[in-house]
Structures are given as structure tokens and as C-alpha cells.
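Please have a look at the picture on the screen, and then I'll walk you through it.

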Amino acid sequence: MMQEASTTETPAKLSAKLRVEGVSLEFPGGDGRAIKVLNGIDLAIAPGEFCTIVGPSGCGKSTLLSVIAGLLAPASGRCLLDEKPVQVGNPRIGYMFQSDTLLPWATALDNVRLPLEAVGRKDDGRCLDLLRRVGVGDFAASYPWQLSGGMRKRVQLARLLAQEPDVLLMDEPFGALDAQTKLLMQEELLRLWESTKLTVLFVTHDLSEAISLSDRVLLFSARPGRIKEQYDVPLDRPRQIEEIVSDPHYNELFVRIWRSLREEIRLS
Amino acid sequence: MSRTLSLNLIRLAVVAVFLALWEGVAHLGLTQDFVLSRPSRVFLWLEQAVISEFFWINVGVTLRETLLGLIIGAVLGVASGFALAHWRRSFEVLEPFIMALYSLPRVALAPLFLVWFGIGEGSKVALAASLVYFVMLLNTYTGVREIDPNLVNAARTMGASKSFITRRIQLPASMTFIFAGLRVSIGLALIGTIVGEMIAGRFGLGQMIARAANMFDTAQVFGIIIVLAVLAVVLNEAMKLIERRVMRWQPQSKRV
């Protein structure tokens with residue numbers, strides 16, 4: 001059942017939805033020297049795969065998402081979607097930020113409309129449908145400040161789906177939520193993912209979240225970030241969040257990843 | 001009794017006491033009329049003014065110059081603020097010049113504006129606009145720079161164009177700063193207009209003040225000052241109405 005942690009080599013996959021090849025990145029440091037943030041990342045994610053990245057704070061895991069989305073240009077290497085180089089503003093790659101990026105002056109519905117309007121489209125029926133699908137159909141006319149943290153996340157999920165992406169890049173999307181709301185949102189996300197067959201790359205510092213949600217967990221090293229180890233998650237689908245934690249495989253995997261992660265946290 | 005009502009009653013009492021003291025001081029002959037005048041004379045002048053056509057023409061001229069100066073200065077200032085926030089390098093280059101012009105008492109430019117824009121309304125509008133322009137520029141620039149970069153990044157990942165991001169993200173996001181600038185700008189536009197009119201011209205409340213002061217008609221000077229205060233309050237309230245309408249998405253607690 002349990003597979004050994006493999007080394008950092010890219011798994012030989014025939015068809016990758018998303019491929020990252022030798023991506024390195026440096027930021028200018030305070031003293032004029034460059035700080036290496038990413039160090040030769042190789043990664044291939046299969047269509048429909050749910051992949052999470054865990055790692056110590058500041059290891060560059062969020063930065064990798066920005067590079068994949070095209071928001072940051074890597075110093076070397078490239079990112080491919082369906083084997084073609086990614087450019088910023090490709091709606092097929094959806095990005096969910098850690099911070100709340102709903103427009104505060106727009107209603108929930110107007111926020112969900114935004115990705116369509118950005119590319120000159122309009123489909124209110126679908127936007128309303130998406131709000132209903134994530135459970136906030138009754139709040140289409142509400143402004144973000146009138147919604148709870150969990151509801152705002154739901155609206156953001158609806159907005160993300162409105163741009164009809166193939167790939168979701170999610171940067172600690174539930175990091176700021178309270179524990180209970182977080183569990184609800186994880187269930188919601190699993191449900192959506194199971195019904196849409198989206199490819200997901202999910203960054204989190206919550207090990208339990210990583211294991212519960214994903215098919216594969218990538219462990220980042222301390223800065224400069226590289227993929228130290230990867231673990232396949234041997235849990236059946238569809239999953240129930242509340243049942244996972246009592247699964248012995250879950251516990252075993254949690255302990256193994258945690259021991260390795262702990263070393264990196266101490267280094268960082 | 002509601003809180004606002006009792007507040008207003010107290011305010012009214014303060015005004016009444018103040019006017020009574022003023023009238024009393026003048027009545028007892030403690031001051032000369034051309035120095036302080038007295039409320040009864042001021043109100044007498046106001047009574048005659050509101051039925052004279054000449055007075056309303058001058059109010060109209062001042063109001064038009066102020067509003068034109070406000071609009072022109074605000075539109076140019078907001079546009080420049082956006083442009084400089086967009087091309088950050090240009091702001092770095094221009095910053096010392098902008099700050100120099102901003103700190104310069106623009107009133108010193110009045111004689112030049114008279115030469116460039118004539119003795120008519122043009123020079124007053126220009127002076128008002130020059131006062132408004134820099135405040136609006138700096139406020140807009142700050143507003144655009146303060147925007148959460150992830151709001152813009154989120155729109156970029158959706159495939160939004162630069163003009164879409166400017167219209168739909170940056171403009172609404174900087175509205176708080178723009179309105180803060182506009183509230184200050186009403187007073188500045190009035191200053192520009194009145195000073196411009198006092199220096200030279202034929203019409204306007206500033207010109208009326210200058211003439212009345214030359215004739216030691218202190219009652220009229222006070223009367224016009226009251227008219228200007230009313231004008232400023234009306235303009236401020238109008239701006240609040242516009243702001244509330246534009247920012248109606250805001251929670252009640254944050255509204256002006």
C-alpha cells in the first residue's frame with residue numbers, strides 16, 4: 001500500500017497537464033546580493049490530479065505558484081500547460097490567493113462576473129448557478145463585507161470556476177479561516193474537484209489538509225526551495241474529511257511527512 | 001429629544017450668544033463701526049443683497065469659476081495621478097518638481113495667470129484649478145499605489161487587459177483617496193477663485209469684498225464672508241451626497 005518516498009526526479013509521466021522544468025528564481029536581497037528562492041524545480045502533474053505542496057514558511061512554495069501563473073518570470077526554466085509555455089492571463093489557469101481578492105465594491109454576483117467581463121463575455125445565468133453550486137446562491141446581491149469569511153471563500157471559488165479553468169493554483173486558500181470553516185471548505189473543494197476533474201496544485205502549511213485533499217504531497221526543502229520528497233496518498237476516493245483522520249494510512253503518512261518536514265523547518 | 005436635535009439647539013444658542021455679544025460691544029460704543037461693524041448692519045446688508053440682481057450675478061460668477069476650477073483641476077489631477085502611478089519611473093523623475101510646485105504658494109502665480117488667461121473668468125478658474133490639481137494628483141497617486149497588489153494580480157490571471165484593470169480595479173479602489181482629496185479641494189477652489197477675483201476683475205464675490213473693503217464698508221465685507229461660508233457648506237454637502245452615492249457599497253459605519 002504505502003509507497004516509498006521517491007527522490008526529487010521528475011516522475012516519468014506520459015501526459016502532464018502542467019509541467020515545470022528546471023525553474024529557478026532569485027530575489028534581490030537587502031545587501032545587494034541575490035537571494036535564491038527556487039532552486040531547479042521539476043514537476044509534472046497529470047490531468048485531474050490533486051497535488052499539494054507543503055514546506056517551511058518562506059521556502060518559495062507560494063512563489064512557485066506565481067511563476068506558474070506567469071505573474072513572476074523565472075530566472076531559468078519554464079512552465080508548460082498541455083506542453084505549451086504558460087503566459088500570464090491564460091484563463092485556463094485559475095489562481096486563488098491566500099488573501100481575500102474579492103472586489104469590496106462589487107456584489108458577490110458582480111465579483112463572479114468579473115473573469116467573464118475581463119475577456120468580454122457575459123453569462124449571468126451561469127454565474128448565479130455557480131454561486132448556488134458553492135452554497136451562496138441567496139447572497140448574490142450582498143457585498144463582501146456583508147459575508148462571513150467562509151462565504152467569501154465560497155464566492156471566490158465560484159469566481160474561480162467562472163473563468164472555466166483546467167488547472168487551479170491555490171495558495172493557502174483556507175489558511176485564514178477558523179478550524180471548523182476550514183473543514184467545511186475542504187469538503188466543498190473536494191466535492192467540486194470530484195465533479196469537475198480539474199487539475200489542482202494546492203499550497204498549504206497544514207499537513208493534515210495536504211493529506212486529506214490530495215493524491216500526491218510534495219515536500220519542499222527550506223530556502224532555496226526544491227522538491228525534497230514526494231509521497232503518494234494511498235486513500236480511496238471519494239473521501240470523507242471526517243473519516244480520513246481515523247484511517248491508519250493517514251496517520252502513518254502524517255508521521256513520515258512530519259518527520260521530514262520538521263528537519264526543514266529547523267533548517268529554515 | 002434626539003441627539004442631533006439637541007446638538008443643533010446648543011449650536012444655535014452658541015451663535016445667538018455670539019451675535020448678542022457682538023451687537024452689545026458695538027452698541028456700547030466700545031468699537032468703531034468700520035472696524036467690527038455689528039450684526040444688525042450685516043443682516044441689513046444681506047437683506048438688501050438677496051433681492052438685488054447684481055449680487056446674484058456675482059454669486060453666479062464665483063460659483064461657476066469655483067466649480068470649473070474644481071472639475072478641471074480634479075480631472076487633470078486624477079488623470080496625472082493614474083499616469084504617474086502607471087509609469088512609476090516618470091514619477092521618480094518628476095517628484096521634486098511636483099513637490100516644489102505643490103509647496104509653492106500658487107497665489108503667487110496669480111499675476112502670471114492674469115497675463116495668460118485674461119482679466120475675465122479664465123484666470124480665476126486657472127488659479128483654482130492649479131490649487132486643486134496637485135492635491136488630486138498626489139492623492140490619486142497614493143490611492144493607486146496603496147491598492148492590494150493581489151487585487152490586480154487576480155485580475156491579471158483572469159486575462160484582464162491593462163485598461164480593464166485601470167477602469168474596474170484601480171479606479172474604484174482609489175475612490176476613497178480621490179474623495180478625500182475632493183473634500184479638501186472644495187475649499188482650495190474657493191480660495192483660488194476669491195483671491196483671483198480680489199486681485200483683478202469686474203465680477204465675483206471676491207471683487208465685491210475688495211471694493212467694500214476699500215470703502216470701509218465692513219458690514220458688507222462680513223455679509224459676503226457669511227455668503228461664502230454658506231456657499232462652502234452647500235458645496236461640501238453636495239460632495240458628500242455624491243460620495244455617498246458613488247460609495248454606496250460601503251458599510252454604514254464607514255460612510256461620510
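I'll talk about a sheet in chain A, and then about where the two chains meet. Please keep in mind that this is a predicted model.

Let's start with the sheet. In chain A, four strands make an open sheet, in the order β2-β1-β4-β5, and their pairing is antiparallel. Which strands stand at the edges? They are β2 (34-45) and β5 (84-85) of chain A, and each has a single partner strand, so one side of each is left without a neighbour in the sheet. In general, strands of a sheet pair through backbone hydrogen bonds.

Now find strand β1, residues 18-28 of chain A: eight bridges join β1(A) to β2(A). If you'd like one pair to look for, A:Leu25 has A:Leu38 in β2(A) as its bridge partner. Helix α1 of chain A, residues 61-69, packs on this sheet and touches β1, β2 and β4 (76-81) of chain A. The direction of α1(A) makes about 115 degrees with that of β1(A).

On to the interface. Here 26 residues of chain A are in contact with 19 residues of chain B. About 2,000 Å² is buried between the two chains, and carbon and sulfur atoms give 68% of that area.

How many salt bridges are counted between chain A and chain B? The count is one, and it joins the side chains of B:Arg168 and A:Glu117, at 2.3 Å from N to O. On the side of chain A that touches chain B, β6 (93-96) and α2 (108-118) of chain A each supply at least two residues. α2(A) gives the most, with four residues. The residues on that side of chain A divide into 17 nonpolar, six polar and three charged.

How values were computed: Residues numbered from 1 in each chain as written. Chains lettered and ligands numbered in written order. Predicted model: local features only at pLDDT ≥ 70, side-chain atom pairs only at ≥ 80, totals over all residues. Heavy atoms only, no water. Contact = heavy atoms within 4.5 Å. Buried area = accessible area lost by both parts, 1.4 Å probe. Salt bridge = Lys/Arg side-chain N within 4 Å of Asp/Glu carboxyl O. Nonpolar A, V, L, I, M, F, W, Y, C, P; charged D, E, K, R; others polar. Pairing = 2+ DSSP bridges. Axes fitted to C-alpha atoms, helices over the stretch in contact; angles between N-to-C directions.
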